[in-house]
Amino acid sequence: MASSIDVDKENFQHHEERLGLESADDTAHQISHDPWYQVGFVLTTGVNSAYILGYAGSIMVPLGWVAGTTGLLLAAAISLYANVLLAQLHEVGGKRHIRYRDLAGHIYGRKMYALTWALQYVNLFMINTGFIILAGQALKAIYVLYRDDHVLKLPYCIAIAGIVCALFAFGIPHLSALRIWLGFSTILSLIYIVTAFVLSIKDGMNSPGRDYNIPGSHASKIFSTIGAVASLVFAYNTGMLPEIQATVKPPVIKNMEKALWFQFTIGVLPLYAVTFMGYWAYGSSTSTYLLTSVKGPVWVKTMANVAAFLQTVVALHIFASPMYEYLDTQYGPGKGSAFSIHNVGFRVMVRGGYLTINTLVAALLPFLGDFMSLTGALSTFPLTFVLANHMYVVARKNKLSPLRKAWHWLNVVAFSCLAATAAVAALRLIAVDSSTYNLFADL
């Protein structure tokens with residue numbers, strides 16, 4: 001009997017034949033399967049992951065009220081525009097491109113295929129590393145609520161987080177299989193978002209005047225500002241839009257645009273609420289993990305940190321799925337049920353190895369804000385803004401007016417310069433923190 005994956009692939013190929021599109025490359029994961037609102041929740045889960053507990057400290061503190069607020073709104077508008085461009089390129093040349101590297105390879109050739117895959121791998125690896133740091137911070141915060149003896153250190157918490165993330169990855173074969181977990185993720189997100197928001201209001205109303213001056217020397221302010229700009233674009237973008245779009249039911253472009261509008265309207269409201277309220281309550285002393293700044297009942301803070309930990313496990317799986325898809329398709333058994341012994345064994349070996357490397361790097365360099373800045377600089381800028389605009393020019397060159405071509409080229413040049421500058425600033429931040437703290441630091 002054919003597996004459910006085989007049936008889905010046959011249905012997808014039949015649909016493409018009716019549309020006159022060539023079949024997509026073989027994949028061990030499900031494609032063309034999910035309604036637009038499920039994809040919208042996937043995107044929103046990524047945006048409202050526990051990373052948002054760090055934006056008050058990593059974005060607002062270096063930028064201040066005016067630049068921080070303007071930057072968040074402007075970055076959202078620019079990100080929506082760039083992602084819509086990328087979504088419209090999903091069907092180019094009579095074929096659906098279910099991976100970012102496949103789209104780049106179709107437009108540019110084999111070398112750009114390899115370069116795009118490398119950029120995306122760096123992007124997803126660093127995001128996953130950051131998620132494990134976040135999960136470790138949540139566990140450490142729970143421990144400190146009950147005991148402050150420094151016995152359970154952050155590297156140990158990060159190791160525990162890595163093990164839990166691996167166990168979850170073994171049981172979820174592909175992105176579409178998340179389904180009910182997206183509902184749990186939304187509930188978990190609401191728990192830590194509402195807790196952080198309410199406790200921040202309480203602390204802000206009961207505390208004396210806050211200091212909103214941007215901290216640091218003149219030179220450090222410059223580099224911190226540049227790093228915060230990279231964090232701005234990191235906040236909204238996945239770097240894996242074609243892979244997410246591959247799961248949506250036809251019409252894929254129209255449905256993906258619906259999901260993107262959902263993400264950038266309703267989906268970003270919790271991010272704004274936590275970021276602005278956290279900065280209002282604590283000013284320039286806001287930490288890069290907001291739940292360590294708030295004051296309140298121990299049981300409430302425990303519940304919020306547990307929710308942040310569990311939601312991070314789900315969110316990491318979303319951002320790791322392109323790597324899992326590649327490994328499963330290229331090297332997996334590819335036959336039988338997803339939960340057969342040999343398929344589960346393959347996931348344990350391969351995904352376990354991948355997450356072990358993530359966990360080791362997270363424990364070595366647990367500087368979350370720096371990772372967000374470097375990820376935005378090295379991969380989010382090039383993938384979301386530079387490549388999206390340039391690919392659109394190349395693919396639609398005969399249909400664009402000179403003014404529109406000039407606009408897209410302006411985006412390419414401007415974001416290339418920003419990416420290079422932000423990378424230098426982020427590397428400097430990591431170097432400074434690495435000289436201040438030892439490896440495997442207990443932050």
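Helix 3 and helix 11 are oblique to each other in this predicted model. Two packed helices are described by the angle between their axes and the distance between the axes. For helix 3, which covers residues 55-88, and helix 11, the angle is about 140 degrees and the axes are 10 Å apart. An angle over 145 degrees would count as roughly antiparallel, and this pair is therefore described as oblique. The crossing of helix 3 with helix 11 is left-handed.

Which residues of helix 3 and helix 11 meet? On the side of helix 3 they are Tyr-55, Ala-56, Met-60, Val-61, Gly-64, Trp-65, Thr-69, Leu-72, Leu-73 and Ala-76. Helix 11 contributes Leu-271, Tyr-272, Thr-275, Phe-276, Gly-278, Tyr-279 and Trp-280. Sorted by class, the contact of helix 3 with helix 11 holds 13 nonpolar residues and 4 polar ones, with no charged residues.

I turn now to a second pair of helices. Helix 6, residues 154-171, packs with helix 13, residues 341-364, at an angle of about 155 degrees, and their axes lie 9 Å apart. Because of that angle, helix 6 is roughly antiparallel to helix 13. Their crossing is right-handed. From helix 6, the residues in the contact are Pro-155, Ile-158, Ala-159, Gly-162, Cys-165, Ala-166, Ala-169 and Phe-170. From helix 13, they are Arg-347, Val-348, Arg-351, Gly-352, Leu-355, Thr-359, Ala-362 and Ala-363.

Ser-287 lies between helix 11, residues 269-282, and helix 12, residues 298-331. Is Ser-287 buried or exposed? Its relative accessible area is 19%. The limit for a buried residue is under 20%, so Ser-287 counts as buried. The side chain of Ser-287 reaches the backbone oxygen of Tyr-289 at 2.6 Å. A polar contact of 2.8 Å also links the side chain of Ser-287 to that of Thr-292. Setting aside neighbours within four places in sequence, Ser-287 is in contact with Gly-57, Thr-292 and Ser-293.

The next residue is Leu-199, found in helix 7, which spans residues 180-206. With a relative accessibility of 7%, Leu-199 is buried. What does Leu-199 touch, once residues up to four places away in sequence are not counted? The list consists of Tyr-282, Val-294, Lys-295, Gly-296, Val-300 and Lys-301.

Finally, please look at Thr-312 in helix 12. Its relative accessibility is 0%, and Thr-312 therefore counts as buried. A polar atom of the Thr-312 side chain lies 2.7 Å from the backbone oxygen of Ala-308. Not counting residues up to four places away in sequence, Thr-312 touches Ala-50, Phe-131, Leu-134 and Ala-135. How many residues apart in sequence are Thr-312 and Ser-49? They are 263 residues apart in sequence, and in space the distance is 6.3 Å, C-alpha to C-alpha.

Note on methods. Residues are numbered from 1 along each chain as its sequence is written. This is a predicted model: local features need pLDDT of at least 70, side-chain atom pairs count only at pLDDT 80 or more; totals for chains, interfaces and linings use all residues. Side-chain values use heavy atoms; hydrogens and water are left out. Axes are lines fitted to C-alpha atoms, for helices over the stretch in contact, and angles run from 0 to 180 degrees between N-to-C directions. Helices (H or I, at least four residues) and strands (E, at least two) are DSSP runs, numbered from the N terminus. Angles under 35 degrees count as roughly parallel, over 145 as roughly antiparallel, 65 to 115 as roughly perpendicular and the rest as oblique. A crossing is left-handed if the near helix is turned anticlockwise from the far one by less than a right angle, and right-handed if clockwise. Contact means heavy atoms within 4.5 Å. Buried means under 20% relative accessible area, exposed over 50%, partly exposed in between (1.4 Å probe, protein chains only). A polar contact is a pair of N or O atoms within 3.5 Å; within protein, one must be able to donate a hydrogen and the other to accept it, and residues adjacent in sequence count only if both atoms are side-chain atoms. Ala, Val, Leu, Ile, Met, Phe, Trp, Tyr, Cys and Pro count as nonpolar, Asp, Glu, Lys and Arg as charged, and the others, Gly among them, as polar.
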